[in-house]
Amino acid sequence: MAGGRPRTFDSDTALDRALEVFWRQGYEGTGISDLTKAMGINNAPSLYNAFGNKEQLFRKVLDRYADGPARYIREAFGEPTARAAVETLLHGAADATTHPDHPRGCITVQGALACSPGAETARAELTARRAAGEAALRERLQQAGKDGELPAGADPDGLARYFTTIYQGVAVQAAGGATREQLHQIVDTAMTVWPRPADA
């Protein structure tokens, strides 16, 4: 291709392979040599030319994760009611974090649980993404309160924190070996706290 940089690999496939490595090993546990080997890239300079440094590659991988294994999150927010959105989100997490084709757990929850000071940028990126997810859920629940989906006196902020904690807990439990069935049972139990109308 005229003017294009020659590529000996497919960038989407390479990103998927990088995602797998980061997901299994975490940000700090992943070395450049791990990435070049998994991605089919000859050396570190080729990796940097194609994807930037490790931090930049990690951000690209997180975007890839959001569009791929975690696309259920976007789909959940498309549900017509807040309750359906939360239920779809949590059951989606139970399925995604135990999917046989991927590492167990969630890259955004596990990716920086233990990081040295040198990995603070990655930790901050993951923290920001988790916070954005909670903020989106809070906004959805606040809107549900305004629309009358939640009964008077319900606490949308508290519900957002609660369901975010359940969501993250599902990922941690999955990484620890919980079965898909166990996780779906946890979600069903968690949903019993959904506020009911006073006359229900």
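Predicted model: local features only at pLDDT ≥ 70, side-chain atom pairs only at ≥ 80, totals over all residues.
Which helices do the buried residues of helix 10 pack against?

Hi everyone. Residues are numbered from 1 along each chain as its sequence is written, and side-chain values use heavy atoms, with hydrogens and water left out.

First, the overall picture. The protein chain has 10 helices and 0 strands; these are DSSP runs numbered from the N terminus, with helices being H or I of at least four residues and strands E of at least two. The C-alpha trace spans about 65 × 40 × 30 Å along its principal axes. Of the 200 residues, 40% count as buried, where buried means under 20% relative accessible area, exposed over 50%, and partly exposed in between, with a 1.4 Å probe and protein chains only. Taking contacts with a separation of 6 or more, 69% are between residues 24 or more positions apart; contact means heavy atoms within 4.5 Å.

Now back to my opening question. The buried residues of helix 10, which covers residues 180-190, are Leu 183, His 184, Val 187 and Ala 190. Looking down the axis of helix 10, these buried residues fall within an arc of 120°, so they line one face of the helix; the arc is that of the directions from the helix axis to the C-beta atoms. As a reminder, an α-helix has 3.6 residues a turn, so residues three or four places apart point the same way. Turned away from the buried side of helix 10 are the exposed residues Glu 181, Gln 185 and Thr 189. And the partners are helix 6 (82-96) and helix 9 (156-175), against which the buried residues of helix 10 pack.

Let's stay with helix 9. The axes of helix 9 and helix 10 come within 10 Å and cross at roughly 165°, which makes helix 9 roughly antiparallel to helix 10. Here axes are lines fitted to C-alpha atoms, for helices over the stretch in contact, and angles run from 0 to 180 degrees between N-to-C directions. Angles under 35 degrees count as roughly parallel, over 145 as roughly antiparallel, 65 to 115 as roughly perpendicular and the rest as oblique. On the helix 9 side, Tyr 162, Phe 163, Ile 166, Val 170, Gln 173 and Ala 174 meet Leu 183, Val 187 and Ala 190 of helix 10. By class, that contact has 8 nonpolar, 1 polar and no charged residues. For the classes, Ala, Val, Leu, Ile, Met, Phe, Trp, Tyr, Cys and Pro count as nonpolar, Asp, Glu, Lys and Arg as charged, and the others, Gly among them, as polar.

How does helix 8 pack with helix 9? Helix 8 (residues 120-146) and helix 9 have axes 9 Å apart, at an angle of about 135°, and are therefore oblique to each other. The contact of helix 8 with helix 9 has 6 nonpolar, 3 polar and 5 charged residues.

One last stop, at Leu 62 in helix 4 (residues 54-67). Leu 62 is buried, with a relative accessible area of 1%. Beyond its neighbours within four places in sequence, Leu 62 touches Ile 107, Thr 108, Glu 125, Leu 126 and Arg 129. Thr 108 sits in helix 7 (residues 107-110) and counts as buried at 15% relative accessibility. Thanks, everyone!
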